[in-house]
Amino acid sequence: MILDLDIGNTLSKWRLKDAESSEIRSRGAVWTREEWKPGADIPDLDVVETVRISSVARRSVLAQTESLLKHRVKRVHVARSTHEALGVTNGYVEPGRLGVDRWLGVLAGYQLAGACCAVDCGSAITIDFVMPGGRHLGGYILPGLRLMKESLKLGTRNVAIDPDSEADELLAPGRRTVEAVNHGIYMAAVSAVNRIYSEVCDREGVALPMLLTGGDARVVSRGIQVPHAVWPDMVYAGLEASFPLTAAERAGRMAGAPIPPAPVALEKIRAGLAFSMLL
């Protein structure tokens with residue numbers, strides 16, 4: 001079995017993948033913590049031969065995780081942000097300082113679509129662009145829905161936005177405080193993603209397919225105004241592309257990969273951007 005770990009600042013997500021069939025056998029998540037120990041909430045390491053890790057948590061968390069796993073499994077692969085990989089050139093001045101989850105998302109998106117806007121809707125909302133030919137432009141980091149809600153300190157942090165709500169409903173004025181907060185942060189998030197996408201496509205002269213991932217991708221997706229696809233396993237797919245272990249992975253097949261959305265014409269993006277600037 002292959003254990004894939006996506007260790008975030010808040011949650012550590014995992015999945016078990018069959019090394020022969022490339023099928024996903026199980027998955028789960030635990031709160032990220034200083035001391036990472038086996039337990040009922042993580043998979044049985046006795047069945048794991050190889051681990052692949054993406055981590056943006058504190059160095060001590062990653063060090064503790066590596067130390068534990070290296071005593072229990074045969075191979076441990078840790079992803080790092082590099083200057084170049086898989087045909088993509090990192091756009092950061094200091095490539096190693098780009099969050100590895102963003103880097104893996106960009107790599108996966110490029111393998112799937114050849115160029116893309118990769119949006120990760122987690123604790124923070126990150127938006128990265130990679131051009132045809134593999135030039136990563138860099139990106140943007142915004143507070144995620146939960147962080148924006150917590151910053152208001154209005155006692156609504158534990159009332160989540162219903163991911164099945166329609167966008168029109170979420171963009172309407174709230175008639176209770178919790179609605180006003182939820183609708184306000186939703187408006188801020190989707191407006192930022194839509195505007196950033198349009199501005200960058202206009203400046204670069206190319207319409208890019210958009211790919212969304214992260215815990216809030218489903219709800220953010222409802223307010224996105226351009227064709228896009230939600231890809232929950234996009235960071236895992238970056239691990240697969242970086243450390244291919246199964247026959248399917250070596251053939252370039254990434255788990256859960258959506259059909260790349262066909263972007264709208266650049267002229268339509270520019271027209272929408274011009275109209276919004278008049279308002």
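The following legends describe close-up views of a predicted model.

**View 1. The largest pocket and the residues at its centre.**
The largest pocket has a volume of about 1,200 Å³. Its lining is made up of 45 residues, and those closest to the centre are Cys-121, Gly-122, Ser-123, Gly-214 and Gly-215. Sorted by class, the lining of this pocket holds 21 nonpolar, 12 polar and 12 charged residues.

**View 2. Elements that line the largest pocket.**
Both strands and helices each supply at least two residues of this lining; among them are the strands β2 (11-17), β8 (116-121) and β9 (124-130) and the helices α2 (100-113), α3 (145-152), α6 (217-221) and α7 (234-242). The largest share, 4 residues, comes from β3, which spans residues 24-31.

**View 3. The second largest pocket.**
For the second largest pocket, the volume is about 490 Å³. Of the 20 residues that line the second largest pocket, Asn-194, Ser-198, Gln-225, Gly-272 and Ser-276 lie nearest its centre. Two or more lining residues are given by each of α5 (177-204) and α9 (266-278). The class counts for this lining are 10 nonpolar, 7 polar and 3 charged residues.

**View 4. The open sheet of five strands.**
Five strands form an open sheet with mixed pairing, in the order β10-β9-β8-β11-β12. At its edges stand β10 (136-143) and β12 (228-230), each of which pairs on one side only. On average, and with direction ignored, neighbouring strands of this sheet are turned by 15° against each other.

**View 5. The pairing of β8 with β11.**
Strand β11, residues 210-213, pairs with β8 in the parallel sense over 4 bridges. Opposite Val-119 stands Leu-212, a residue of β11.

Terms used. Residues numbered from 1 in each chain as written. Predicted model: local features only at pLDDT ≥ 70, side-chain atom pairs only at ≥ 80, totals over all residues. Heavy atoms only, no water. 1 Å grid on protein atoms, 1.4 Å probe; cavity = no way out; pocket = protein on both sides within 12 Å on 5 of 7 lines; lining within 4 Å. Points joined across faces, edges and corners; volume = space filled by probe spheres on them. Nonpolar A, V, L, I, M, F, W, Y, C, P; charged D, E, K, R; others polar. Pairing = 2+ DSSP bridges. Axes fitted to C-alpha atoms, helices over the stretch in contact; angles between N-to-C directions.
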